[in-house]
Amino acid sequence: FYMLDGLAREFSQRGFCAMDGLLSSDELDALRSECDRLANQMETNGVDICDEDCVIEVPPDGLPADGHPARSDANAYIQRRALHANSTPAAASLLSKLVLQRLPAIAAKVLSCSVESVRLFNEHYVFKPAQRAGPFAWHTDAAHQHEAVLALDGGSDYPEYVSFWIALDEIHRCNGCLVLLPRDAPQPPAPWYKPASDACIEWLEGQGSHHAL
């Protein structure tokens, strides 16, 4: 069990928080199996994942059409998710609780909102083939996703956004770990696809290794 009040303070101060051991071994196994199945489906369909920026969307065919029950009903979404990911009933149940209960509860705490107001915006896997996939540019997830929100509804307002990044493989400094910038470091620009500033790169080269996950 995690002290969520402590996580909220850490998130407020640093802009992120690290939670070792949050997922059970069964949850990790279910996620790994699902990722492998979806990657194999892409390969069978003749799709090179490197041409898709090494991203596997969940569900793989993207959002359903407007008015589809899976856009607003949690049970309909989970059923559609399990169908397209070819999940077993046990794995679907496990991931349903993770995606729709456990993670939203943490998101609500760090965003200081009710869990009922939390909405799932996107799920995907990052799947990088060895020695073929390139690096991701420095970016903020929120800037990337906010652009997608604005493209969907054309409005100018958007709600607060938080990402959960879950490592499915053992990672370290030599094989491509994630580096997170605390709030007091020079931030990457928005929009997300622009290169990092000189100040941001200088900070990363000098201190980034101390913030690697």
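Arg80 sits in helix α3 (residues 74–85); helices (H or I, at least four residues) are DSSP runs numbered from the N terminus. The model is predicted: local features need pLDDT of at least 70, side-chain atom pairs count only at pLDDT 80 or more, and totals for chains, interfaces and linings use all residues. Residues are numbered from 1 along each chain as its sequence is written, and side-chain values use heavy atoms, with hydrogens and water left out.

**Arg80**
- Arg80 counts as buried because its relative accessibility is 14% (buried means under 20% relative accessible area, with a 1.4 Å probe and protein chains only).
- Beyond neighbours within four places in sequence, Arg80 contacts Pro59, Asp61, Gly62, Leu63, Pro64, His68 and Ala70 (contact means heavy atoms within 4.5 Å).

**α2 against α3**
- The axes of α2 and α3 lie 10 Å apart, at an angle of about 60 degrees (axes are lines fitted to C-alpha atoms, for helices over the stretch in contact, and angles run from 0 to 180 degrees between N-to-C directions).
- That makes α2 oblique to α3 (under 35 degrees is roughly parallel, over 145 roughly antiparallel, 65 to 115 roughly perpendicular, the rest oblique).
- Glu34, Arg37, Leu38 and Gln41 of α2 meet Arg81, His84 and Ala85 of α3.

**α2 against α4**
- The axes of α2 and helix α4 (residues 89–111) come within 10 Å and cross at roughly 105 degrees.
- α2 and α4 are therefore roughly perpendicular.
- On α2, the contact uses Asp26, Glu27, Ala30, Leu31 and Glu34; on α4, Ala91, Leu94, Leu95, Leu98 and Arg102.

**Confidence**
- The protein chain averages a pLDDT of 82, and 84% of the residues score at least 70 (pLDDT is the predictor's confidence in each residue, from 0 to 100).

Terms used:
Helices (H or I, at least four residues) and strands (E, at least two) are DSSP runs, numbered from the N terminus. Buried means under 20% relative accessible area, exposed over 50%, partly exposed in between (1.4 Å probe, protein chains only).
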